[in-house]
Amino acid sequence: MWHEDVVGITNQNKPSTAEEVLAEGKVAESRTTAEDRLYSLEKHLQRRPDVAEKYCQVMEANKAKGYVRKMEPGEIDDSPSRYLPHFPVVRE
């Protein structure tokens, strides 16, 4: 008579569909790629202190404009999250 999802009951043990498995794999892969890019950026900025200083200036300007902000510990959880990548432009 009633579908379980209509009354808020969900089956957490329900097997994932092929599409869900594919999507989960892409999310995991993109997270790994994002982490690799972060580590690469950190290494680059360590090798180039002049660029690192300009990079920090760009990020501080974006923070002052309200484009970016530091997340508070209470805002961070272990559930799947989405964060937009940043692309500061540093002109040498």
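Colleague: Let's start with V51: which helix is the place of V51 in?

Modeller: V51 sits in helix 2. A helix here is a DSSP run of H or I with at least four residues, numbered from the N terminus, while a strand is a run of E with at least two. Keep in mind that this is a predicted model, where local features need pLDDT of at least 70, side-chain atom pairs count only at pLDDT 80 or more, and totals for chains, interfaces and linings use all residues. Residues are numbered from 1 along each chain as its sequence is written, and side-chain values use heavy atoms, with hydrogens and water left out.

Colleague: Is V51 buried or exposed?

Modeller: Buried means under 20% relative accessible area, exposed means over 50%, and partly exposed lies in between (1.4 Å probe, protein chains only). V51 has a relative accessible area of 7%, so V51 is buried. Across the chain, buried residues make up 5% of the 92 residues. V51 and R91 are 40 residues apart in sequence, and their C-alpha atoms are 8.7 Å apart in space.

Colleague: How many helices and strands are in the chain?

Modeller: The chain has 2 helices and 0 strands.

Colleague: And at what angle do the axes of helix 1 and helix 2 cross?

Modeller: Two packed helices are described by the angle between their axes and the distance between the axes. The axes are lines fitted to C-alpha atoms over the stretch in contact, with angles from 0 to 180 degrees between N-to-C directions. Here helix 1 (residues 18–47) and helix 2 (residues 49–64) have axes that come within 5 Å and cross at roughly 120°. Contact means heavy atoms within 4.5 Å, and the residues making it are L41, H44, L45, Q46 and R47 of helix 1 with P49, V51, A52 and Y55 of helix 2.

Colleague: What about charged side chains: how many salt bridges are there?

Modeller: Side chains of opposite charge can pair when their charged atoms come close. The rule asks for a side-chain nitrogen of Lys or Arg within 4 Å of a carboxyl oxygen of Asp or Glu, and the count comes to 2 salt bridges. One joins R31 and E35 at 3.5 Å, N to O. These residues are 4 apart in helix 1, which means about one helical turn separates them. R31 is exposed at 58%, whereas E35 is partly exposed at 32%. R48 pairs with D50, with the closest N and O atoms 3.2 Å apart.
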